[in-house]
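The report that follows is meant for a reader meeting this structure for the first time.

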Amino acid sequence: MGLKLNRLAFVCSLIVFLTISAVSHAGVTSSYTRVAEPSEEMPLETFPPPPGYNAPEQVHITQGDHNGRGMIISWVTPVNDDGSNVVTYWIADSDASTNQTAEASTDSYRYFDYNSAFLHHATIKGLKYDTKYFYELGTGRSTRRFYFTTPPEVGPDVPYTFGVIGDLGQTFASNQTLYNYMSNPKGQAVLFAGDLSYADDHPNHDQRKWDAYGRFVEACAAFQPWIWAAGNHEIDYAPSIGETEAFKPYKKRYHVPYKASKSTSPLWYSIKRASAYIIVLSSYSAFDKYTPQNSWLEDELKKVNREETPWLIVMVHSPWYNSNNYHYMEGESMRVTFEPWFVQNKVDIVFAGHVHAYERSERVSNINYNITDGLSSPVKDPSAPIYITIGDGGNIEGIANDYTYPQPSYSAYREASFGHALLEIKNRTHALYTWHRNGDKESVISDSLWVKNRYFLPEVETSMV
Ligand SMILES: [Fe+2]
């Protein structure tokens, strides 16, 4: 009897072991399911302008130079009064005599039957590293005050935590995503993978939705920089209503420090922040050989010094490795163009949006194909980036829940839910990556990985799923 039980226990253990072994070599499709209905957008009235005459609104900040000692501060006022374009800033706990002021450039635009308010963008430079600043917008009766903390000086072992959000929109689910991110004090800056307001999902690209979006994200984006990438919902190209200038509202409203990286377009640029080198690309601008974006990226990759910034991170809107039937293969031509460079330069992570779900790839590359050799499948490659699709912010178009089956070998984890991610860089070798699904009440960590730096520690990672 005892022998039989022992044999039974052994067989059971073997079955469990074999099952775990099989799973550990395959990608995971999460069994967690969300209702696939479109998410309901928060009404315009949810975000009224702030009280007071000509009060500054839609406040957001982003890095304003290449190294993190500058900040672009952006805001909107209904009227262009004297002083409405002034920002006053000072180091926290300093006396008033140290206050400095800067004047913003002011612009406005017309889109179909909509006239924008006055859009102010001030770049302040020469800030101290790792220092808390207050800033106050406007002069007179309706000033508003905010604060931010500058990053530590750029260096190889500087810890820094980025939030990662994509395709946010302005639904009740978007609200959950944003407040889940904000409720965790770890995030110091946001990498935003494109698709902001979804104004273009409304008749005549209702530009009031851009205003509402600015008011919505102000709760976070006025206090920590959001590093913006442009998505397809930023194009706003609508010749049927006479709007033929692509990216007009986005470029008017969201300035980025592209000139600091010798870029000729705000749609692609780079920054250094702490121990990371962030490269932002545009899926919806020309990228073939001889185009400005292609030439810029070729030069840019040569400038990255991994001894100074070990973490090389790329943001682009349309994913290159996506096993969802939504937007399947849309990023393929850019992958073919740029993937060899990413492998040669040992990019650590590529963040993309566009697909309204979450997916993380294995470290794979697909660069050997030469039309006659048949080598057209992705293969495991320790020099390749991890590709993360994080278009799961929660916008009006709803969840993308139609995956290809069987799950391709390049796909490590995928789940059709809303959420956001954190990338906690610890030092030159390790970063803790976690994906936070929007749960029913609070966010739940549903995917996590200790990411090993491709330059300093190019070992294979083991998923903690
Ligand atoms: Fe998109």
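## A residue in a strand

Is Leu 432 buried or exposed? With a relative accessible area of 17%, Leu 432 is buried, because the cut-off for that class is under 20%. The model is a predicted one, and this description should be read with that in mind.

Leu 432 belongs to strand β25, which runs over residues 430-438. Leu 432 and Leu 449 are separated by 17 residues in sequence, and their C-alpha atoms lie 6.1 Å apart in space. For another pair, Asn 204 and Tyr 413, the separation along the chain is 209 residues and the C-alpha atoms are 38 Å apart. Asn 204 sits in the loop between β13 (189-192) and α3, where a relative accessible area of 36% makes it partly exposed.

The UniProt record, an unreviewed entry, gives the annotation "domain: Calcineurin-like phosphoesterase" to residues 161-358.

Over residues 384-445 the chain is 0% helix and 47% strand, and 25 Å separates the end C-alpha atoms.

## The iron site

Which residues coordinate the iron ion? The coordinating atoms come from Asp 195 (OD), Asn 232 (OD1), His 317 (NE2) and His 354 (ND1), at distances of 2.1 to 2.2 Å. Along the chain, these donors follow the spacing D-x36-N-x84-H-x36-H. Asn 232 is in the loop between β14 (226-228) and α4 (248-253), and His 317 is in the loop between β17 (311-315) and α6 (332-344), so this pair ties together parts that are 85 residues apart in sequence.

The arrangement of the four donor atoms is irregular, because the angles they subtend around the iron ion run from 89 to 170 degrees. Two of the coordinating residues can also be described by their accessibility: Asn 232 is partly exposed, with a relative accessible area of 21%, whereas His 317, at 0% relative accessibility, counts as buried.

## A cavity and a pocket

How many cavities of 30 Å³ or more does a search of the whole structure find? The search finds one, and the space in this largest cavity comes to about 60 Å³. Its lining includes Gln 58, His 60, Trp 75, His 120, His 121, Trp 210, Arg 253 and Tyr 254, and the elements that contribute two or more residues to the lining are β2 (57-63), β3 (71-77), β9 (118-124) and α3 (208-221). By class, the residues of this lining divide into five nonpolar, six polar and one charged.

The second largest pocket holds about 330 Å³ of space. Of the 18 residues that line this pocket, Pro 185, Gly 187, Gln 188, Phe 223 and Gln 224 are the closest to its centre. At least two lining residues each are supplied by β11 (144-149), α2 (172-183) and α3, and the lining is made up of 11 nonpolar, six polar and one charged residues.

## Backbone details

Most residues other than glycine have a negative phi, and most peptide bonds are trans. Against that background, Phe 112 has a positive phi, near 50 degrees. Phe 112 lies in the loop between β7 (110-111) and β8 (114-115), and its relative accessible area of 31% makes it partly exposed. Asp 236 likewise has a positive phi, with a value near 50 degrees, and is found in the loop between β14 and α4. At 2% relative accessibility, Asp 236 counts as buried.

Where is Pro 406 found? Pro 406 is part of the loop between β22 (386-390) and β23 (411-415). The peptide bond that leads from Tyr 405 to Pro 406 is cis, with omega near -5 degrees.

Conventions:
Residues numbered from 1 in each chain as written. Predicted model: local features only at pLDDT ≥ 70, side-chain atom pairs only at ≥ 80, totals over all residues. Heavy atoms only, no water. Donors = N, O, S within 2.8 Å, 3.2 Å for Na, K, Ca; no water. Tetrahedral: all angles 85-135°; square planar, octahedral: opposite > 155°, others 65-115°. Helix = DSSP H or I, 4+ residues; strand = E, 2+ residues; numbered from the N terminus. Buried < 20%, exposed > 50% of the residue type's maximum accessible area, 1.4 Å probe, protein only. 1 Å grid on protein atoms, 1.4 Å probe; cavity = no way out; pocket = protein on both sides within 12 Å on 5 of 7 lines; lining within 4 Å. Points joined across faces, edges and corners; volume = space filled by probe spheres on them. Nonpolar A, V, L, I, M, F, W, Y, C, P; charged D, E, K, R; others polar. UniProt positions renumbered as here; feature names shortened; annotations may be inferred.
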